[in-house]
Amino acid sequence: MSPETGRKATLQVATPQRTLGQHPPREGALPEDFEAWYHEHRSVVYRFVRFRVATREVAEDVTSEVFMKALRSLHRYDAGRASPRTWLLRIARNAVTDHLRSLKRKGSLHVSLDRVPDLVSDVPSQDERVLREERIQTILNGASTLRKPDQEILSLRYGAGLGNQEIADALGISGNAVAVRLHRALKRLKDAVYDSNTAPGPTR
Amino acid sequence: MSIKHHPDPLEDLPPELAELDQELSQLVLDERPSFGPELRNELAREWTRPSAQARSGVWMRPALAASVALLAFTGLVVPPARASLVEGVQRIFETLRGEEATPEPASPSALSPERAAVPRTDPGVVVVTSGGEAVTTEEAGIDLPPFQPGTSAFPTLLDKEADRQLVRRYYPEELQRAGVRGVVKLQLWVDEDGSVDHIQMSQGSGVGALDRAALRAAPELRFKPAMRAGVPVGTWVEFDLVFEPVPSLVTLAEPGALETPMIPEVDGWEPPRDWSEAAVVPAPILMESQELLRVAMGRDRRALEDELGPLEGVLSGDPPPGIDPVRWRERATRALEAARVRDPGNPAPYLALARIRRKQGLRNDAQMLFEEGLARAASADRPVSPRLVAELAYESGRVVRENWLGWRNLGEVPAPALLPGRCAGSAGSPGEVASSETLLTWNYYCPGALHEVFGAAFQPRAEGNRLRSTMLESFVRAVEAYPAHVGANTEILLDLADREAWHELREGARRFAWASQGHPNALLLEAVALHRLGHSEEAADVFKVALEGLDPDRARGFQTLELLMDGPQAGSPDAVWRALDPILSTAVNERQVEHWARAGYALLRFGSLQADASRVWVRYGRPQEIRAFGAGPGLRLEFWDYGAGPDVTFYRPAASQNGALTVEGEDYVTDLEGVMPHWYGTRARPLFALPAQIAQFRGTREGTTEAKIHFAVPGEFRSASSGSELEVGVFLLSASGVPMETLRWTLEPRQERVDLVVPAGPGVHRLVVELFDPTTGMAAGVRTPVSSPAGGLSELLLVEPAEVDRIDVGRMGQGLRTRPSASRLVGEMAGVFLEIYEMGASETYRLRAELVSAENGAVVPLEMRPAGQSLFGEEWTRRPLRAGTAPEFMTLDLRGVGPGAFTLRVLVERGDGHVVYRELAGLDRVAPEADEDGPAPPLERVEF
């Protein structure tokens, strides 16, 4: 462990939601297609990733990596083979796999020093915020114990919000197989979420 | 809240699953609002960088495409060849690549995709096709890391016509007359000066005489050398020699008549002041051999010298420029054969003849002749100087060395060890060994699986051991005969370095330095040994002397940063190195000395700092393991293992030390260099992580901070130094890494705890705390960025629980006793101290504390009580005593918190409704029943 990162006390400020107009003006141009894809699919990619990784910061990092990679290999994109969304999600699947593999190699799940709660908006009260946050955490924790194919299909449906046919395209399987796999994955997730109440961990 | 349905409902779900589906469909996983625009700007910056657009050219990489084709069939996900070698250490070069960092090379030449334009003919690369078609990465639809174009080119023939004539000259006349034709496939090592050094035949013509002719002709080929980044480098090329019959007449002159030989006198000789010219064959040996040769050649020597050129060339086996090599070689051979007959006791003709044979790739002939020469020298009826004996023994050893190199690190993996399905490629049948192509594919796509296979099933071949001892015996004979022999000494010492026999290396290098009156090779190796033995200060001095004696061109890579960074550098190398000094308490920069040590070894082992192997060695140090595999005739595939992640792979000619990166290796190393230009590694003077607690508070003056630093002297230091004094240093660094202020203390011999308060003014970027034992050289340190606490909260300080009646809770208050261990949560209670700033006089705020599990992110609220209170509660509404800074000293109830790794978070809801919080990460909750400190965990080594 590097002393640089070893003992870092951190500060995060949960600011009120800012609007996009408050951000610095755009600094440079992106290729036109890419610009459009970015705006259209970024949230989908982010949510897909978020469903698979432990924290929001990691989700941001991995999402950045996905778009960086996509930008660098833009010339390889072939519209005849996949829609932009499927292509981006394929890169995202690889990126998530890499991230999880790197955690495994480190033999540690110390994922982030700065954890920001998931919800900053759309919440009426502080108490409800905490409840919702906990519920999301429970579900994501449960999902993270599933086998990789289960996680993948769940994150495509509930993270990225894809329909069954799009999932089929992304995974290269038939629509029927998607429905069957989703059933099974949901069943296993349900068991995992119930089990998590008795899982080891700090409880009071 | 509105109910949201998934746009594509699942049919026939049982009720309990339908409910979960519904809930999941409503899950809000929104991004941070500013994330989208931030990333978009980052992407635009990346896109407008010149190199990014250059990368969007189309790259064809046959070997990668081949591997991908294999993978595409098995449906594997391809990870980019990013290194886990760099995991956790990405920041090491931030001072190099940060604000002052190197701009991307943007010269026009750097953007031209020359590398793609030149078809590469790496040996051993097989383009795998699927259904008769090559499959590219694009077609396989797999995302691979971008390829960086460079100013690289492969060797090309200088003069094709001249080379055609050359081939004709070597073409045996009788075969030409008989119309025998053929193609000989050769693998040639083309040096950076364009000459051919090593020759391997990869496929013969089927006609022995043609094959031999090819081996004899190949050294005469002249190339325009390969270029990397504009610098000529040696490389390995595949070359076909085509023999087509053309009639030709060759006549050779007869040797001259005999004359009674004269015994030469070799006068005393002074070593040169500058060794750069007399690298391997020192002048006395040359002088003496020439004298002996001149005598052996007898009366005709003048005529022969007119015809063959200077005897120096005859001795080295090289024709003078512009001379017909066939005639020259034939004449030289005849003249030397005649000299052998005429003067049987004279070893010089053997030396010259053997060298010509070695250059022809006829190693067995060569070695026989060297040994014969040695026998002549021993039984001579005249005095032969020990220097010449040494040279013969050294040359004999070199021939053995070429054989031995083919066995070096060689091994194999049985094919069944590569379980099908774990990665791509068919492993092969039982009884076979895994092919080098399969291993290469596994390495870059499933490195973890391959490491397991290597660990369990790599079978080293022992055949090389005998050759290695024979080789070393020859070198030892050489050094015994003449202790200053440079080549033999260097080889013996490099072998000691390979075996990490540092004491022996130091002694041997000192003897060599003494005998040779300070040859730079001796000094370089002595310094390497000193550094490895922990005497980095002494090593630095010796390196400086060694570099003065080196040819400036060869020494350049030591003093500049060109081996570590591309393009022009901001700031001087000294400034860059200063910012990377791992241990500030010492008088020497261990990192720079480590760089010198690697460069010194690489220069001697690989011949040049520009070689591929040197490039990797200097950046990342010695691999943990090198494994070599047969990869076709006369070719080895080497895997350099640097721990987790793919190995770096080279192809090298079996008879050579010097390999070239494989296509995949080149790609991987380029990728790696972008992330981690240099790795300090584990073989340099160690630095341990100091388990100190550092909390920063707002200073009394505007813009300043005050750091409270606490640590217990680790047991390793107390026992190692046996009562000697330890030094504590605090270094305040500027943004460029230059110490602005240095504070030093000496600890009492038995002092166990250190508590410091260090103010830091504006401009201080980083705080370094080090504990150093001057007796043992052991150091532990911690580095942390300095920032004025923003957002109205100080950092958290972990302390002993507050006493119930304690109300003086100030930062300097007596009641604040820091915990001895800041990384462990022990006992039933723990105290935490923080300051809340800019507090209005009547502002109320709410306090909460929670533990966040590092394993699964689960949040556990903690009960607590502020100092002076006796009851615990999950949330406290508080009002400051006075406007300004409100100190808070809270006791946390840890009962019921099970073991695990946590982040402590303290949240403050200010009067205006904003919630701010501070976290303390990396806390280890040991068993709840452990009340006080158990034995401290051992110090962790810092890697960067």
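Helices (H or I, at least four residues) and strands (E, at least two) are DSSP runs, numbered from the N terminus, and two strands pair if DSSP finds at least two bridges between them. The views below show a predicted model, in which local features need pLDDT of at least 70, side-chain atom pairs count only at pLDDT 80 or more, and totals for chains, interfaces and linings use all residues. Residues are numbered from 1 along each chain as its sequence is written, chains are lettered from A and ligands numbered from 1 in the order in which they are written, and side-chain values use heavy atoms, with hydrogens and water left out.

**View 1. Strand E14 of chain B and its two partner strands, E13(B) and E15(B)**. E14(B) and strand E15 (residues 660–661) of chain B form two bridges in the antiparallel sense, and six residues lie between these strands in their hairpin. Across this pair, B:Phe650 is opposite B:Leu661. E14(B) also pairs with strand E13 (residues 635–641) of chain B, again antiparallel, through six bridges; here B:Trp640 is opposite B:Val648. The hairpin of E13(B) and E14(B) has six residues between the strands, and B:Gly643 in this hairpin has a positive phi near 90 degrees. Is E14(B) (residues 648–653) enclosed or open? Six of its six residues are buried, so E14(B) is largely enclosed by the rest of the structure. Buried means under 20% relative accessible area, exposed over 50%, and partly exposed in between (1.4 Å probe, protein chains only). In a regular strand, side chains alternate between the two faces of the sheet. Both faces of E14(B) are covered, with B:Val648, B:Phe650 and B:Arg652 buried on one side and B:Thr649, B:Tyr651 and B:Pro653 buried on the other.

**View 2. The open sheet E17-E18-E21 of chain B**. Three strands make up this sheet, and their pairing is antiparallel. Strands E17 (693–698) and E21 (753–760) of chain B are at the edges, each with a single partner strand, so one side of each has no neighbour in the sheet. On average, neighbouring strands of this sheet are turned by 15 degrees against each other, direction ignored. Axes are lines fitted to C-alpha atoms, for helices over the stretch in contact, and angles run from 0 to 180 degrees between N-to-C directions. E17(B) is joined to strand E18 (residues 705–712) of chain B by six bridges, and B:Ile694 has B:Ile709 in E18(B) as its bridge partner.

View 3. Nine bridges connect strand E4 (residues 182–190) of chain B with E9(B), where B:Leu186 is opposite B:Phe239.

**View 4. Helices H22 and H23 of chain B**. The axes of H22(B) (residues 486–498) and H23(B) come within 9 Å and cross at roughly 165 degrees. This makes H22(B) roughly antiparallel to H23(B), a term for angles over 145 degrees. Residues of H22(B) that meet H23(B) include B:Leu493 and B:Leu496, and those they meet in H23(B) include B:Leu505 and B:Phe512; contact means heavy atoms within 4.5 Å.

**View 5. The buried face of helix H9 of chain B**. Which residues of H9(B) (residues 160–170) are buried? They are B:Asp163, B:Leu166, B:Val167 and B:Tyr170. Seen down the axis of H9(B), these residues fall within an arc of 95 degrees, so they line one face of the helix; the arc is that of the directions from the helix axis to the C-beta atoms. An α-helix has 3.6 residues a turn, so residues three or four places apart point the same way.

**View 6. A:Glu60 and its contacts in chains A and B**. A:Glu60 belongs to helix H3 (residues 56–72) of chain A and is buried, with a relative accessible area of 10%. Not counting residues up to four places away in sequence, A:Glu60 touches A:Tyr46, B:Arg32 and B:Phe35.

Notes
Parallel < 35°, antiparallel > 145°, perpendicular 65-115°, else oblique.
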